[in-house]
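Welcome, and please open the structure in your viewer. We will go from the whole chain to single residues, one selection at a time.

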Amino acid sequence: MKKPVDLLKMELDSIPKYLLLRDVIKVDNDDIELKAIKESVMKNKWVDTIIKQQLVDGSWGTFHSMSQNGKSTMTTEQALRRLIILGLDHTDEPMKRIVEYMEKHLLGEIELKDRVEKKHNWTLFTHLIAATWVRIIDPNNLLALEIANDWANIIISAFSSDIYNPSAYKEAYYDIHKVSEGKHMLGFTNFYVVAILSDLLPKQVEMKFIDYIMNNKSGIYYIYDGSLNILPDKFDSLQASRYINAYSLLCRYAFSRDKLKTFKRWLLSNIQEDGFWDMGQASKDNIQFPLSNSWRKLINRKIDCTIRIMRLLCIL
């Protein structure tokens, strides 16, 4: 089997180098070099451009809907996702400010700036959205954990027998959320529910839940719209990048990683002769990529793709 290139021997831009040291080499957080590189990350053009658009309240305007976002070039969700991919975490001031904003929403002190979507139980939906992002940044946040535990109990009820029981799910959904039938967001095969529950389900329930997600023909809503049991046609594609996004969520479920062996083999089979992974120019979506300052040089794209896959393999 081909071996990955030794990226430590290469000249890397600040973000790929930081991610390599933090997530692959796993350098101690107190390491002087790591701290110095993090300072460079915070000044990097990708990070700086987003931080400059952050509003006084900590948000980036609307949270979920781009069509209502006014002058901002991104939603709050898009800003959050991109900053996390670029290496920011709960210790960084921009992240502290947005967590405080989301906490205020969970406490009922403010409403999100999005226009109410009438097809949803809007409060239930926005609380799930905010709690999911808070937990991604700070898994131990008590406000978010309360909402996550409600969803965990619903999923536990739904998978308490050998197979998924839609009647048990529906009954637990309405009982735990204290909502009446009608406007709802009844389904659970979406990014928010999958992301918020990764460490909260009992082993047997988790394994049945992950099986259900992997066998869902519509994939994970908001992330990937096809069956996760069918490999993408091409590795160097935006489709493959989104496929990896979906599996990045499933990797967080520790009891179920044995179910991801086919995915892991697929990743390993796509390493190139030179030791790099390359997902191609089409994978540049300004969210996952780029990490390097520019993709004008092919080597920078290869570095970014390789670091993304290596970070994932460290979990698998």
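**Stop 1: the whole chain**

Start with everything selected, and keep in mind that this is a predicted model. Colour by secondary structure, and you will find 13 helices and zero strands in the protein chain. Now turn the view around: the C-alpha atoms fill a box of roughly 60 × 45 × 35 Å along the principal axes. How does the radius of gyration agree with that of a compact globule? For 316 residues such a globule would have a value near 20 Å, and the protein chain has 20 Å, so the two agree. Of the 316 residues, 51% count as buried. Among contacts with a separation of 6 or more, 62% are made by residues 24 or more positions apart.

**Stop 2: helix 1**

Next, select residues 14-25, which form helix 1. Is helix 1 largely enclosed or open? It is largely enclosed by the rest of the structure, because ten of its twelve residues are buried. Show side chains for the buried ones, including Ile15, Tyr18, Leu19, Leu20 and Leu21. Arg22 and Asp23 are also on the list of buried residues. Before moving on, click on Lys26, which follows helix 1 and has a positive phi, near 60 degrees.

**Stop 3: where helix 6 passes helix 7**

Hide the rest and select residues 122-137 (helix 6) together with residues 142-158 (helix 7). Their axes come within 9 Å and cross at roughly 115 degrees, which makes helix 6 roughly perpendicular to helix 7. The crossing is left-handed. Which residues meet here? From helix 6 come His127, Leu128, Ala131, Val134 and Arg135, and from helix 7 come Ala144, Leu145, Ile147, Ala148 and Trp151. The residues of this contact divide into eight nonpolar, one polar and one charged.

**Stop 4: Leu112**

Is Leu112 buried or exposed? Its relative accessibility is 8%, so Leu112 counts as buried. Leaving aside neighbours within four places in sequence, Leu112 is in contact with Phe63, Tyr101, His105 and Thr126. Finally, draw a distance from the C-alpha of Leu112 to that of Met102: these residues are ten apart in sequence and 8.6 Å apart in space.

Definitions and conventions
Residues are numbered from 1 along each chain as its sequence is written. This is a predicted model: local features need pLDDT of at least 70, side-chain atom pairs count only at pLDDT 80 or more; totals for chains, interfaces and linings use all residues. Side-chain values use heavy atoms; hydrogens and water are left out. Buried means under 20% relative accessible area, exposed over 50%, partly exposed in between (1.4 Å probe, protein chains only). Helices (H or I, at least four residues) and strands (E, at least two) are DSSP runs, numbered from the N terminus. Axes are lines fitted to C-alpha atoms, for helices over the stretch in contact, and angles run from 0 to 180 degrees between N-to-C directions. Angles under 35 degrees count as roughly parallel, over 145 as roughly antiparallel, 65 to 115 as roughly perpendicular and the rest as oblique. A crossing is left-handed if the near helix is turned anticlockwise from the far one by less than a right angle, and right-handed if clockwise. Contact means heavy atoms within 4.5 Å. Ala, Val, Leu, Ile, Met, Phe, Trp, Tyr, Cys and Pro count as nonpolar, Asp, Glu, Lys and Arg as charged, and the others, Gly among them, as polar. The radius of gyration is taken over C-alpha atoms; the globule rule is 2.2 Å times the number of residues to the power 0.38.
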